[in-house]
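User: I have a model open and I'd like to learn how to read a few of its features. Can you walk me through them?

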Amino acid sequence: MTHMVSAALAFPPAGARTVDAPEVGTPEEGETGPPAVDDLPRRPLRFERSWPLQRTADRLARIHSRTWLTTWRWSGDHDEAQLIVGVLVDNAVRHAATTVPEPDVGLVLQIAEDDELVVDVSDPDPKFEGFDEVVVAARARADSGVRLTGIPLVLGLGGDITWGIPDVGGGKTVRVRMRPAAPQPPGA
């Protein structure tokens with residue numbers, strides 16, 4: 001049983017939109033400031049950024065993920081999503097063997113039309129030794145009640161995790177899909 005996905009699944013579909021942050025500053029005459037939430041583009045939404053493969057990358061990735069998920073008003077659990085982003089980026093920083101001179105770790109956040117969050121973290125190492133064994137052991141740990149870290153934590157938070165090798169650029173991408181929060185009945 002392998003959890004590796006094709007390169008086509010490791011990257012966003014053609015036509016996915018990237019939303020840039022509104023500029024901060026004084027509105028010009030006649031303007032009222034940043035766009036209202038209702039004026040933001042509809043889903044799918046996409047954010048992409050990379051950082052040097054260093055210890056500070058996970059903190060920066062968590063900050064950006066919190067900012068964008070809040071801006072997009074994603075209905076899922078922002079704390080859990082931010083934690084998953086931090087785990088994936090930290091794993092990339094700690095475990096990616098690099099042969100390139102200035103390696104980066106990349107983060108892509110996407111919210112699909114069904115409000116599912118897709119988190120992709122890419123690093124320059126094309127190998128993920130023992131992924132299947134890690135996932136099986138992680139599921140056992142997630143059910144044991146012990147404090148979870150790494151991939152067991154991702155699975156314990158309900159993330160669906162896969163990985164793949166992109167067609168271009170080498171390296172690998174680890175993908176986690178998170179479902180949005182269940183709609184609350186009125187008055188709940």
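User: What is the phi of Asp115?

Analyst: The general idea comes first. Most residues other than glycine have a negative phi. In this structure, Asp115 has a positive phi, near 75°, and Asp115 is a residue other than glycine.

User: Is Asp115 buried or exposed?

Analyst: The cut-off for buried is under 20% relative accessible area. Asp115 has 13% relative accessibility, so Asp115 counts as buried.

User: Now the helices. At what angle do H2 and H3 pack?

Analyst: Helix H2 covers residues 57-72 and helix H3 covers residues 78-95; the two pack at an angle of about 150°, and their axes are 8 Å apart. To read that angle, use the cut-off: over 145 degrees counts as roughly antiparallel. H2 is therefore roughly antiparallel to H3. The crossing where H2 passes H3 is right-handed.

User: Which residues make the contact?

Analyst: From H2, the contact uses Ala57, Asp58, Ala61, Arg62, Ile63, Ser65, Arg66, Leu69 and Thr70. From H3, the partners are His78, Asp79, Ala81, Gln82, Val85, Gly86, Val89, Asp90 and Val93. By type, the residues of this contact of H2 with H3 divide into eight nonpolar, five polar and five charged.

User: Could we zoom in on one of them? What is Asp58 in contact with?

Analyst: Asp58 is found in helix H2. Leaving aside neighbours within four places in sequence, Asp58 is in contact with Gly86, Val89 and Asp90. Asp58 has a relative accessible area of 17%, so Asp58 is buried.

User: Where does pLDDT stay under 50?

Analyst: The general idea is that where pLDDT is low, the predicted coordinates should not be read in detail. Here pLDDT stays under 50 over residues 1-27. The model has 51 contacts beyond four places in sequence for residues 1-27. For the protein, the mean pLDDT is 77, and 70% of its residues reach 70 or more.

Definitions and conventions:
Residues numbered from 1 in each chain as written. Predicted model: local features only at pLDDT ≥ 70, side-chain atom pairs only at ≥ 80, totals over all residues. Heavy atoms only, no water. Axes fitted to C-alpha atoms, helices over the stretch in contact; angles between N-to-C directions. Helix = DSSP H or I, 4+ residues; strand = E, 2+ residues; numbered from the N terminus. Parallel < 35°, antiparallel > 145°, perpendicular 65-115°, else oblique. Left-handed = near helix turned anticlockwise from the far one by under 90°. Contact = heavy atoms within 4.5 Å. Nonpolar A, V, L, I, M, F, W, Y, C, P; charged D, E, K, R; others polar. Buried < 20%, exposed > 50% of the residue type's maximum accessible area, 1.4 Å probe, protein only. pLDDT = per-residue confidence, 0-100.
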